[in-house]
Amino acid sequence: MEDETPSIRDMLAVNLRAARTARGISLSELSRRSGIGKATLSQLESGGGNPTIETVFSLSRVLEVAISDLLDHRAGGALTVVRGADVEVLSGEGVDLRPLRRIETGDGVFEVYDQVVRGDAPQRSQGHVGVEHTIVQSGSLLVEVAGRSVEVGPGDYVAFDAREPHCYTASEGPVHSVLLLQYRADERLDGRPHPVLKG
């Protein structure tokens, strides 16, 4: 029998509280730094609310932790099966992400996501740690990074330094892709190492 996967809200509640506590930051201070209301943060730490991509990315930047440090439950085993229908979607302005797996190799980390760029709005990011690797499965994706843009289609691959401001836009309807986020376990947004959270 397969283990039940905890919800995004449950994982975020536990990991957000641990990350904030490890850095000695109060809810009020985290609210000030992230621009997210204190009541909303309290609700997220209690396993409530409806976290968005923008919220999780903002918390990741402020707490200087990887996105998967906030969302991962670190299940292990010889055979890992992640059923798409069982994974909760994390939505943003223009993207739906399903976090599928965090892979650690030595001091490197890969986060694997099923990504749908919906086409109703661009998905912008101010930047975060790592290198983004995107493999388009269907549709036409416009990728903008630090003032440069490229359009990629089915079978195409694009990668960039995710610390740079970037944007995904579906040019002609929804785009289905695989997103890999690669970074060092000790990497911070400014490139300097920081202590890794211990679970």
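**Figure 1. An overview of the predicted chain.** The secondary structure of the protein chain comes to five helices and 10 strands, where helices (H or I, at least four residues) and strands (E, at least two) are DSSP runs numbered from the N terminus. This is a predicted model, in which local features need pLDDT of at least 70 and side-chain atom pairs count only at pLDDT 80 or more, while totals for chains, interfaces and linings use all residues. Residues are numbered from 1 along each chain as its sequence is written, and side-chain values use heavy atoms, with hydrogens and water left out. Of the 199 residues in the protein chain, 42% are buried; buried means under 20% relative accessible area, exposed over 50%, and partly exposed in between (1.4 Å probe, protein chains only). Contact here means heavy atoms within 4.5 Å. Among contacts between residues at least 6 apart in sequence, 66% join residues at least 24 apart.

Figure 2. Six strands form an open sheet, and their order is β1-β2-β3-β10-β5-β8 with antiparallel pairing. Each of the edge strands, β1 (90-91) and β8 (157-161), has a single partner strand, so one side of each is left without a neighbour in the sheet. Two strands pair if DSSP finds at least two bridges between them. As a reminder, strands of a sheet pair through backbone hydrogen bonds, either parallel or antiparallel.

**Figure 3. Strand β10 and its two partners.** Let us zoom in on β10. Strand β3 (residues 108-117) runs antiparallel to β10 and is joined to it by 10 bridges.

Figure 4. Gln123 is placed in strand β4 (residues 123-125), and its relative accessibility of 9% makes it count as buried. Which backbone atoms do you find by its side chain? The backbone nitrogen of Glu93 is reached at 3.0 Å, and the backbone nitrogen of Val95 lies 3.3 Å from a polar atom of the Gln123 side chain. A polar contact is a pair of N or O atoms within 3.5 Å; within protein, one must be able to donate a hydrogen and the other to accept it, and residues adjacent in sequence count only if both atoms are side-chain atoms. Leaving aside neighbours within four places in sequence, Gln123 is in contact with Ile53, Glu54, Gly92, Glu93, Gly94, Val95, His166, Cys167 and Tyr168.

**Figure 5. Helix α4, its cover and its crossing with α2.** Nine of the 11 residues of helix α4 (residues 53-63) are buried, namely Ile53, Thr55, Val56, Phe57, Ser58, Leu59, Ser60, Val62 and Leu63. The axes of helix α2 (residues 27-34) and α4 come within 10 Å and cross at roughly 110°. Axes are lines fitted to C-alpha atoms, for helices over the stretch in contact, and angles run from 0 to 180 degrees between N-to-C directions. The two helices are therefore roughly perpendicular to each other; angles of 65 to 115 degrees count as such, under 35 as roughly parallel, over 145 as roughly antiparallel and the rest as oblique. Leu30, Arg33 and Ser34 of α2 make the contact with Ser58, Leu59, Val62 and Leu63 of α4. By class, four of these residues are nonpolar, two polar and one charged. Ala, Val, Leu, Ile, Met, Phe, Trp, Tyr, Cys and Pro count as nonpolar, Asp, Glu, Lys and Arg as charged, and the others, Gly among them, as polar.

**Figure 6. Two residues with positive phi.** Glu64 follows α4 and is placed in the loop between α4 and α5 (67-71). Although Glu64 is not a glycine, its phi is positive, about 55°, and its relative accessible area of 28% makes it partly exposed. Ala146, in the loop between β6 (141-145) and β7 (148-152), has a positive phi near 50°. Ala146 counts as partly exposed at 47% relative accessibility.
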